[in-house]
Amino acid sequence: MIQIDGRLYDRAYFEEAGDRIGRQVGLNGGKAGRYAVCFGNTAEWLSFFFAIRKAEASVLPIHPGTPYPAARKLAMTANCDRLFYNSLTAEVLEAQEEAPGPGRLLHMSSGTTGAAKCIARSWNDIDREVESYVSTFREPEGMTPVIACPTTHSYGLICGILVALKRGQVPVVVETGNPKHLLKVLREIDRPLLYSSPAILHTLSRLLPEGERLYAAMTSGTLLPDPWFTQIRARSEHLFQQYGCSESGCIAINPDMHAAADMGFVLPHLEISTGTSAEDAGEIVVQSDGGAAIHTRDLGYRRKNGMLVFMSRMDDMINVSGLNVYPGDVEDAVMAMPDVTDAVAFRKTDRFAGERVALLYSASRPVSSRDIREWCSRHLASHQLPMEMVQVGEIPRQANGKISRRDVATRHAAGEFTGPERGVAS
């Protein structure tokens, strides 16, 4: 059973809807296709998903807010032969012929460091991830999962819905982006576990009345800035974090967060190699059952107790005259400043230092670049100081809450960002 915006859908509903959809679109386990599905109605989308999964075909879930031209482009990039865009009447696409193989869950990489690419994971891989997740992460067994993130994304679909169903729980899907409504839903549920984005958790932590706390929350997708983590942690009885990548799914889970960079303990079906300390950090490389090594391009290390610690995206690191600058360190320092609400540090070419730090920030009032510079000079080393600072109304984030520093740098270089304050650090 799954509850969607207050309505309960039982197993019989999904079985009947799945059989109807299967007959209508010609799903057949003996002839697996690659179907791209973009439905605004979550119950219909999930019915379609379960039908495709049952038929052992392949599916590319597309976020319901995606315009048709963009959805079609995604479907073709993923080499899908059918696109279902808010209709059970398929648009036939020109797909390259592939060798027969098992059905897969298809999804596009986030594209935060380059062009998005299609990732295909077999249903056996998905089942193994769910089993490992459930057997390892036992803390939520008495909680009700509340899915306030897209069910077309692996975070909401696999870790939210499929994990809940595996545990015999009834997941609650909340489709609205209204944080006040989300708080109302959480208050009506006994021991809710909220699956959502860092930005939503931060907003909720600020909206909560004094003395009220979230019962439990899961964060994923991007590192919590330290000021956000401190506030969310103080307003949550239980705070969990999971870390993963498109190619492998969930890699590690932290069952009790005490630091934003502590990603968690690696799930037992995976093996990783990385550094052994902050001074000996290395790329996080993942492997499953003797398969090909997956290079995450994340820099981190593993403590002696097994805790996996994230340091930075390797592609985001800024080299200032031979000295490494982690953007997160700059962002944490800036966001600790009163009135600053969000920030992103990124690479800017410099003819003297090779690279320097540039900064976009938002604040609840106009904050001058001089004030930012003075604050940073008390909290950062000279090579970490931003060279250029621009205040904007809102930091550009992707639909999943992630920031693409590559995209921000490109847009900044094109002169897109303007604001009440621009400045060059001395």
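A residue is called buried if its relative accessible area is under 20%, exposed if over 50%, and partly exposed in between, with a 1.4 Å probe and protein chains only. Helices (H or I, at least four residues) and strands (E, at least two) are DSSP runs numbered from the N terminus. This is a predicted model, in which local features need pLDDT of at least 70 and side-chain atom pairs count only at pLDDT 80 or more, while totals for chains, interfaces and linings use all residues. Residues are numbered from 1 along each chain as its sequence is written, and side-chain values use heavy atoms, with hydrogens and water left out.

**Strand 19 and its partners**
- Strand 19, residues 308–313, is mostly covered, since 5 of its 6 residues are buried.
- Strand 15 (residues 262–266) pairs with strand 19 in the antiparallel sense over 2 bridges (two strands pair if DSSP finds at least two bridges between them), and here Gly 264 stands opposite Leu 308.
- Strand 18 (residues 294–302) also pairs with strand 19 in the antiparallel sense, over 5 bridges, and Asp 298 has Arg 313 of strand 19 as its bridge partner.
- The hairpin of strand 18 and strand 19 has 5 residues between the strands, and in this hairpin Gly 306 takes a positive phi near 100°.

**Strand 12 and its partners**
- Strand 12, residues 214–219, is mostly covered, with 5 of its 6 residues buried.
- Strand 11 (residues 192–195) runs parallel to strand 12 and is joined to it by 3 bridges, with Leu 193 opposite Ala 216.
- Strand 13 (residues 236–245) runs parallel to strand 12 and is joined to it by 5 bridges, with Met 218 opposite Phe 240.
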